[in-house]
Amino acid sequence: MVTFWTIALIVLSISFIVFVIFFGRLPALRNTPIGLLHRLITSSLPSLFQVLDSHLFSGRLIPRISRSLNHIAYGRHPTILIFFLLLLIVGQALFLPSAWPSLSSFHKLFGVIAILLPYLFIYLSAYTSPGLITAENLPYHLYLYPYDFTLFHPGQFCKTCRIPKPARSKHCSVCGFCVSKMDHHCVFINACVGRENQHYFLLLLLSTAALTAYGACLGISILGARSMDKFPTWSRLKPSGMSWESWFSGWGYAVHTSVGLGSVTMLTALTSPMVWSLFFYQVYLIYVGTTTNESMKWSDWKVEMDDDCAFIRPLSPATRQKDRRFESLDGRWPLEPVQIMVRTDDGTMPAPNSGIPGNGDWRRVKRLADVENLYDLGFWDNLCDVFLPGFEFGGEGGDDGWEDDDVEVGNGNRPAKPVMPSIPATRRRRRNKRRKSGAGRRRD
Ligand SMILES: [Zn+2]
Ligand SMILES: [Zn+2]
């Protein structure tokens, strides 16, 4: 029983801490116990250690440890990718020798496929370019997405790459590039997740989640069978007349018959919900037409709204003159921005003729629901945008509809005035609104 409980406790603790570290920073969990625990681990504890360090080691120890940890977690090296691969390989090496003789031919075949798929998608997501933006391919990336005048405004430059930032892009300080439709930098694949590898990353999450769930089910089935052979009155679901102690003893006996199989079964059972959560979170982001990076921006704008500092007014696609240095005249996206949102530091409403684009009076915004998300076309179109990076929503013009003279960029001209601060918005189901005129722009 000691082995069973020791393994269970270790696996449960590691899974929970990993869950808190990875999920606690998400905006949706910010004000939950998970978010609080995340702040405790990532902020309060380091502060406490700093105080101890300053008293005991004159403040020399923490910076060194911090630099090392930062390098491991955020440096451009494959340490965590190798750790991830080792976890898979060692887990399978512990699991398979004991489980294999008990598997039917179907499960042997299915198991091999389930084992191989995560390796395939690790390779594809890690070695497919996420969509690096350079001065040469900049016009194409400007053509892909319009600026929404909420999260992304034309005329902003990347200080490192010294090129205009296309809508939905972000500079990755680890990779050293601006990435198209940046989602996040993933340490597990040692690369950014962006427009051109997001689908592989999604399939990696799905295949890993399926593998862990499958491994947990097989392990529970095999271990349970062993215990039932030994104790005929025992079953995987606790019999009503059996004490909890006897029931756990049955599991303990089964784990003792193969510690490797038992450990991996517990690990997969506890980590599987976490991997599924990551997968469904990504699906949810696609459903609402946003990315991890953009969800952070929306979250920041919610704070601005709560502080009464966010304002909005209409933007007319019919009368607005596009800045050809930064905007495509006829991009592939089927929607145009129809609003602009700005914030002021002191909550004062901007003047109607302040020089900021837009028409009419400003209106204070209190809710994310009052702001359109330009990048949400509805789930299926959003999914097409993820899985078919060259997808043309208009379906006209052959190939991908891209023409090289669509945008006049590359002269390095900066805008005459600073661009507007960004603003948060949220999803709305308005597939039939604001689509560009011209029937049949969508393929569906
Ligand atoms: Zn950059
Ligand atoms: Zn990166």
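## Helix packing in a predicted model

Helix α4 (residues 79–99) packs against helix α9 (residues 259–287) at an angle of about 120°, the axes lying 8 Å apart. The model is a predicted one. Angles of 65 to 115 degrees count as roughly perpendicular, and α4 and α9 are therefore oblique to each other. Their crossing is left-handed. On the α4 side the contact is made by Gly91, Leu94, Phe95, Ser98 and Ala99, and on the α9 side by Gly260, Leu261, Ser263, Val264 and Leu267. By class, this contact of α4 with α9 holds six nonpolar and four polar residues, with no charged ones.

Helix α9 has 29 residues, which at 1.5 Å a residue should span 42 Å; the C-alpha atoms at its ends are 41 Å apart, in agreement. The helix α9 bends by about 35° at Thr271, and Pro273 follows within four residues. After α9 comes Gly289, with a positive phi near 70°.

A second pair is formed by helix α7 (residues 198–230) and helix α8 (residues 244–257). The two pairs are set out below.

| Helices | Angle | Axis distance |
|---|---|---|
| α4 and α9 | about 120° | 8 Å |
| α7 and α8 | about 110° | 8 Å |

With this angle, α7 and α8 are therefore roughly perpendicular to each other, and their crossing is right-handed. Leu223, Gly224, Arg226, Ser227 and Lys230 of α7 meet Gly250, Trp251, Tyr253, Ala254, Val255 and Thr257 of α8. The residues of the contact of α7 with α8 comprise five nonpolar, four polar and two charged.

Definitions and conventions: Residues numbered from 1 in each chain as written. Chains lettered and ligands numbered in written order. Predicted model: local features only at pLDDT ≥ 70, side-chain atom pairs only at ≥ 80, totals over all residues. Axes fitted to C-alpha atoms, helices over the stretch in contact; angles between N-to-C directions. Helix = DSSP H or I, 4+ residues; strand = E, 2+ residues; numbered from the N terminus. Parallel < 35°, antiparallel > 145°, perpendicular 65-115°, else oblique. Left-handed = near helix turned anticlockwise from the far one by under 90°. Contact = placed C-beta atoms within 7 Å. Nonpolar A, V, L, I, M, F, W, Y, C, P; charged D, E, K, R; others polar. Expected span 1.5 Å × (residues − 1). Bend = angle between axes of the 7 residues up to and from the residue.
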